Amino acid sequence: MLDLILQCNQATQSRQAKHILISFDQENKMFIGDSYILMNKLTACRSFFTQATIDINCPNAKHADLCSTLLKNNPYIREVINASWDQLAFRDYDMVFCISRQEQQLLDTLEQQYLATLTQPWTTAVYSMSVQFLNWGPDPVTRSLFPPFLEILDNQADHNQTTLSELFISAAEKAWANQWLRDNGVQEHERVYVVLDSTSERYKLMDIDTYKSVFTHLLHEESVKVLLFDEQNLGKQQFYREWLGEEDLSKVIFSKKLSLREALCLLSADYIRMIFGPCTGLLHCASGIYNHFLRLGMAGTAIPAIITYTGRYVDGHTADFWWGSSPLVTCIILRATENNDKEAVLLSDLPAAEKHDTSRLLFCSDYTPDMLIAALPAYTQSLVI
């Protein structure tokens, strides 16, 4: 069967493909930020396959839900599917791209489909993207059963996405977000700061005393309210009540048990003037939302400040790896000075060599309040009589 597929691959006019399937089989947990970056890489295939509809299949239902959330309204994707391989009609596609550690199982499924209809020729080209997308972690994929798609891999500079990563929020979703904030106490003259207080890795967070100082500083800005997400309804409101007191708590809005998509919509609301937090998925999504709005013509002055604070990463990456292609994001980096003091610098201010230097990076627990407050915007509502 593999020989038959290889023959088909050679005969296929890839640029003429009309229907393409990307089957993404990820066994491990998918994080929002990683998934958002991955989805944008997959949709970049559109720059090569300009005449094709693209479907994405995620056999894992939880992954399919996350992908559907991130890809909603995406004009480059026809459908996100949650189906096992034996449920898919591979013959309906001109080309299939496989991202999986179980490519042999896919080959067995394709053989079964071919044997079931021997009177029909096999016309579906099959390629692997497994090495490109699963080459990390404790069990990296270094070899694939199906061949890679060299037409793109050998000429990546010609087929890289020409636009920035985007996340597509509709006008109706934005209107819903504006109304939600009004229903939750935001007045027309007020602006909202979104503060992200959690992340998948605890080491990415500033310490609790620094966080309290920064948070109360934001609360005391004039005509500002702060939005916190409590998607699991873990009791954040009671924690902050005991921590801050009733007066300060009156300026905090808690979104409880909202879906991820609803949280993303809130990031797009007209009242939002800042989105601040550690290196986390929602900040990547915020960057994509406003990349899209900017491309549609949103004035730069209407885009909220999107600020992330970073430091040393345990995986050896740098802030430039995650944020170097996010021009709307102000990325703060904590590092040691040559005199072994510590300083907070902006990624955008660093020369190339220093953007890739991990030797001086410090963990985020070493941030002081002043370092972070200095990078935050201030909003003042002036009353003219």
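Student: How do the residues of the lining of the second largest pocket divide into nonpolar, polar and charged?

Tutor: They divide into 11 nonpolar, two polar and four charged residues, where Ala, Val, Leu, Ile, Met, Phe, Trp, Tyr, Cys and Pro count as nonpolar, Asp, Glu, Lys and Arg as charged, and the others, Gly among them, as polar. The model is predicted: local features need pLDDT of at least 70 and side-chain atom pairs pLDDT 80 or more, while totals for chains, interfaces and linings use all residues. Residues are numbered from 1 along each chain as its sequence is written, and side-chain values use heavy atoms, without hydrogens or water.

Student: What makes up the lining of this second largest pocket?

Tutor: It has 17 lining residues, with D197, L205, I208, Y211 and Y240 nearest the centre. Helix 9 (208–219), helix 10 (236–244) and strand 9 (272–278) each supply at least two of the lining residues; helices (H or I, at least four residues) and strands (E, at least two) are DSSP runs numbered from the N terminus. The space amounts to about 230 Å³, a volume being that filled by probe spheres set on grid points joined across faces, edges and corners.

Student: Why is helix 9 called roughly perpendicular to helix 10?

Tutor: Their axes cross at roughly 85 degrees and come within 12 Å; axes are lines fitted to C-alpha atoms over the stretch in contact, with angles from 0 to 180 degrees between N-to-C directions. Angles of 65 to 115 degrees count as roughly perpendicular, so helix 9 and helix 10 qualify. In the contact (heavy atoms within 4.5 Å), helix 9 contributes I208, Y211, K212, F215, T216 and L219, and helix 10 contributes Y240, W243 and L244.

Student: What makes the pair of R261 and E173 a salt bridge?

Tutor: The definition asks for a side-chain nitrogen of Lys or Arg within 4 Å of a carboxyl oxygen of Asp or Glu; the R261 and E173 side chains meet at 2.9 Å, N to O, and form a salt bridge. R261 in helix 12 (residues 260–267) and E173 in helix 8 (residues 171–183) are 88 residues apart. The structure holds 11 salt bridges.

Methods
1 Å grid on protein atoms, 1.4 Å probe; cavity = no way out; pocket = protein on both sides within 12 Å on 5 of 7 lines; lining within 4 Å. Parallel < 35°, antiparallel > 145°, perpendicular 65-115°, else oblique.
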